[in-house]
Amino acid sequence: MSRVPGRAVFPTVDALQAELQELAAAHPDQVRLRRIGDSRLGEPLHAVTVGDGPADAVVIAGPHPNEPVGALTALTLIKLLCEDSKLQAEPGLRWHVVACADPDGARLNEGWYARPGDRRAYAEHFYRPDLADQVEWTFPLTTEDHRFDRPLPETRALMRLMDEVRPSLVCSLHNGEYQGAFFYLNRHDATLARRLAALPGLEGLPLHHGEPELPGAEPIVPTVYLTPPGAQVGRAFGAGGSSADYAAAFGALHLVTEVPTWADDRVADQSPTGRTYGQILAEGAAARRDLIDTIQAGMRAVAGDLSVRSPFRRSTSNTLETFRRLGELEEPMPDLARPATVAEEFGNRQMLHLMRLRLLGTFLRMLDAEIAAGNLTPAIREQRRLLTEQFETWYGQAEADPPGLPIELRKLVAVQLGAILSAAFHLAEGPA
């Protein structure tokens, strides 16, 4: 982790591909760069293979295009494996690294890649597809009451790669915004979980002790959770399984790393706030309903005028429906009268800021696509004005309640790298 170099920006898709080509040219005897498929828009998808161990590991970076830390981690891992023969040999793995699993989506986020940690740039240039359009959540899935068999081209490329190498380890690299670091494992392995939980502190990153990302997620140790089954998400939102579901067919250890963009000690503060847990949840639910009502009203106002089939339009419509379903699926929480912790209050409040700016920012990009195409109807122009004012209001509220300082990119990469290698060496140790 201490050997991770500093980085000031996230690479664009073209810059990332250029770096991969340079690595392959610099280490022709160690690096194999090959095309494993194509994106929905025809972008080539590449995997880099390093090492010749008897077992195989697959590392997936950028399965969500607004989460580019994994691309830097992928580059760092490849370089370290090429430079350090001992590191390459000891885990006994042949590594297959996909440095950008969704290049089409990544290109739609490049407007903020040069300004990591800039909250306005992030919101104004943000893009994230809905669950059923995400690489991570479109693996085939069949349960008693749900079937999904519409994997995206990018997902099919990852499936072919796993089918070919039958991995022992699969790592999916993610990053978030305001929350602390946390992890998912598909095995109840307390030893590995404790090792993972110790990594963020080495770089001064807080652990996430607020609400779990997925309600009801079962902790192995604090901040390391058992991976929820894909059926739990897929059935509710019309999506598929995750890479963890597909990796299970090979008996692979599956690891998800989640690191934050901003650091704030409140995400780990277990002290009471003086307010009840029920009050915190009620306030959050009311604010989410207001957000949904605002976006729905804007969508109704322009629905008859929209003419551009932009990804922003599909994301806005589908994500709005996802938020609505999340509200319907919220289960009654026990012990609502107990004192809420600072971490819970902070997490709920920051999630509201995040949802507001992400969803409204994407809506405005949808309207801008219409305007750029010459579709300047009165309704579109009026909603662009009104929702720009609303964005500024919500942005001002978020800025008055900031989630700490942006984290140095090197630290985020170091934690992801440490997690990957911890899992690899843990596998190499064999059963306890």
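Mentor: Start with a term: a cavity is a set of grid points where a 1.4 Å probe fits but cannot get out, and its lining residues have an atom within 4 Å of a point. Keep in mind that this is a predicted model.

Trainee: Which element gives the most to the lining of the second largest cavity?

Mentor: The second largest cavity has a volume of about 90 Å³. Its lining includes R119, Y122, W262, H353 and R358. Two elements give two or more residues to that lining, α6 (119-124) and α13 (342-372). With five residues, the one that gives the most is α13.

Trainee: How many residues of the lining of the largest cavity are nonpolar?

Mentor: The search of the whole structure finds four cavities of 30 Å³ or more, and the largest holds about 110 Å³ of space. It is lined by 15 residues, with P68, A71, C100, A106 and Y113 the closest to its centre. Two of the lining residues are charged and three are polar, and the number of nonpolar ones is 10.

Trainee: Which element gives the most to the lining of the second largest pocket?

Mentor: This pocket has a volume of about 340 Å³ and is lined by 17 residues, with R40, Y127, D133, P311 and R314 nearest its centre. The elements that give two or more residues to the lining are α4 (103-107) and α12 (311-329). By class, the lining has six nonpolar, four polar and seven charged residues. The element that gives the most, with four residues, is α12.

Trainee: How many residues of α15 are buried?

Mentor: α15 has 21 residues and reaches 30 Å between its end C-alpha atoms, close to the 30 Å expected. G430, with a positive phi near 80°, follows the helix. Taking buried as under 20% relative accessible area, α15 is mostly covered, and its number of buried residues is 16.

Key. Residues are numbered from 1 along each chain as its sequence is written. This is a predicted model: local features need pLDDT of at least 70, side-chain atom pairs count only at pLDDT 80 or more; totals for chains, interfaces and linings use all residues. Side-chain values use heavy atoms; hydrogens and water are left out. On a 1 Å grid over the protein atoms alone, a cavity is a set of points where a 1.4 Å probe fits but cannot get out, and a pocket is an open set with protein on both sides within 12 Å along at least five of seven lines; lining residues have an atom within 4 Å of a point. Grid points are joined across faces, edges and corners, and a volume is the space filled by probe spheres set on the points. Ala, Val, Leu, Ile, Met, Phe, Trp, Tyr, Cys and Pro count as nonpolar, Asp, Glu, Lys and Arg as charged, and the others, Gly among them, as polar. The expected span of a helix is 1.5 Å times one less than its number of residues. Buried means under 20% relative accessible area, exposed over 50%, partly exposed in between (1.4 Å probe, protein chains only).
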